[in-house]
Amino acid sequence: MTNGRNRQLRFRRCITEGEPVSMELFELGEEDIPTPGPGQFLVKTEALGTSPAQRAYLMGSASRFHPPLDPGEIMRGRGVGRITLSNHPDYAVGEAVCCSTGWQDYSVHQGDETGMVKTVQKIADPQDPLYLHLGTLGASAFAAYFGLLDIGQPRAGETVVVSAAGGGVGSIVAQIARIKGCRVIGIAGGSDKCAWVRDFIGADAAIDYKSEDLDARLGALCPDGIDIYFDNVGGETLNMALKHIALRGRAVICGLISTEYLDPPPPGPSNYFNLIYKRARMQGLVVWDYVDQFPEAEAELAAWYRAGDLKPTEYVLQGLTSAPDALQALFSGANRGITVVDMTGE
Ligand SMILES: NC(=O)c1ccc[n+]([C@@H]2O[C@H](COP(=O)([O-])OP(=O)(O)OC[C@H]3O[C@@H](n4cnc5c(N)ncnc54)[C@H](OP(=O)(O)O)[C@@H]3O)[C@@H](O)[C@H]2O)c1
């Protein structure tokens, strides 16, 4: 229970290489609920999202996009919530927003914050539960939507291969590709997760990269090559996908979780010569480039969701203190779909 107090998870010490994210790294404290000043508003957190980038905050070194956290700081992260007090003319009490809540019950905002972490997005058509706006109708889905549709440019009948297909972004990529009439092959770790990718997400086939020969399976499943490879993991998976890229294929580089935190970074993919031979294209995605188009993406995703074409894939943990486990699930692969922390029950 919040009991009229603001509980917070504060960063206690840097994570060591290979160490799992756990409560060990944080201190649970509480303070008075902050009071918004002139032009500010107060948000009560209803759910927290997760992102692999949050591990970089804990490493004590600057990531490519964000500064590290200092000990004692509240863990950084985006969440969804409702405005409970407002001194801002454009933000009314009761409105739902997605913003940089941090790992805490309450946060104060100005409304004009900008940048990847800080931007406040109003949720025009709030669904119940609100955490859908972090996942199936929010940030994870926006990465899938713009990466696949704008960079991938899918056409009906094409073959789309997506890595981390059982994770947040990947589970939505696979579904949008199916909606667009593509043949979808998901890559995921473990037979159970692969079964989920096929049976729940609706992929035409799934490859267990942990136990199967990825090269052989891609060759067998994509005899005419991969038209779109949506990459969430990098490393050898990307390398094998490039080996099987189709003529004029597109590789969408969304994430590289398998190598992102290795120091020194491993060399790039040796099969990149195939981009020349196949006149293929490899392009990176930064979803925040599309921030002005988030409302239209949200509207289309919501229409697919209401029609039953887009299944919500949230993997929900309960309570503020489960946030470290939620983040670790991205690295252990324990998650199915989009990992969120629901705080409505406390
Ligand atoms: N570019 C952008 O703008 C943007 C925006 C959002 C997210 N992203 C990126 O998109 C990717 C997916 O993010 P998400 O939040 O949706 O996470 P997620 O896919 O829900 O979780 C990460 C998944 O990666 C897989 N994984 C973990 N370690 C791995 C390894 N060593 N090798 C292969 N697979 C591994 C796990 O799946 P298995 O169990 O199948 O191994 C895990 O479920 C991340 O790389 C993230 O950084 C990029």
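The model is predicted: local features need pLDDT of at least 70, side-chain atom pairs count only at pLDDT 80 or more, and totals for chains, interfaces and linings use all residues. Residues are numbered from 1 along each chain as its sequence is written, and side-chain values use heavy atoms, with hydrogens and water left out.

**Two domains**

The protein chain is assigned domain 1 (5-134 + 313-342) and domain 2 (139-287). Such bounds come from an automatic or database domain assignment. The domain centres, taken over C-alpha atoms, are 28 Å apart. Domain 1 puts 19 residues into the contact, and domain 2 puts in 18 residues. Contact here means heavy atoms within 4.5 Å.

The size of an interface is often given as the accessible area lost when the parts come together. For domain 1 and domain 2 the buried area is about 1400 Å², with 60% of it on carbon and sulfur atoms. That area is the accessible area (1.4 Å probe) that two parts lose on being put together, summed over both.

What links the two sides? Between domain 1 and domain 2 there are 7 residue pairs in polar contact, both residues at pLDDT 80 or more. On the side of domain 1 that touches domain 2, α1 (53-57) and α9 (323-332) each supply at least two residues. The most come from α1, with 3 residues. By class, this side of domain 1 has 10 nonpolar, 6 polar and 3 charged residues. Ala, Val, Leu, Ile, Met, Phe, Trp, Tyr, Cys and Pro count as nonpolar, Asp, Glu, Lys and Arg as charged, and the others, Gly among them, as polar.

**The ligand**

The ligand is surrounded by 25 residues (a heavy atom within 4 Å). The closest are Gly168, Lys193, Tyr209, Leu285 and Asn335.

| Residue | Part | Distance to a ligand oxygen |
|---|---|---|
| Val169 | backbone | 2.8 Å |
| Asn232 | backbone | 3.0 Å |
| Asn335 | side chain | 2.6 Å |

**Salt bridges and backbone**

The whole structure holds 14 salt bridges. Each is a side-chain nitrogen of Lys or Arg within 4 Å of a carboxyl oxygen of Asp or Glu. One joins Arg10 and Glu31 (3.1 Å, N to O). Arg10 sits in strand β1 (residues 5-11) and Glu31 in strand β2 (residues 26-32), 21 residues apart. Helices (H or I, at least four residues) and strands (E, at least two) are DSSP runs, numbered from the N terminus.

Most residues other than glycine have a negative phi, and most peptide bonds are trans. Asp128 and Pro129 are joined by a cis peptide bond, with omega about 0°. Pro129 is in the loop between β7 (121-122) and α2 (139-152). Arg248 has a positive phi, near 60°, and belongs to strand β12 (residues 245-253).

Conventions: A polar contact is a pair of N or O atoms within 3.5 Å; within protein, one must be able to donate a hydrogen and the other to accept it, and residues adjacent in sequence count only if both atoms are side-chain atoms.
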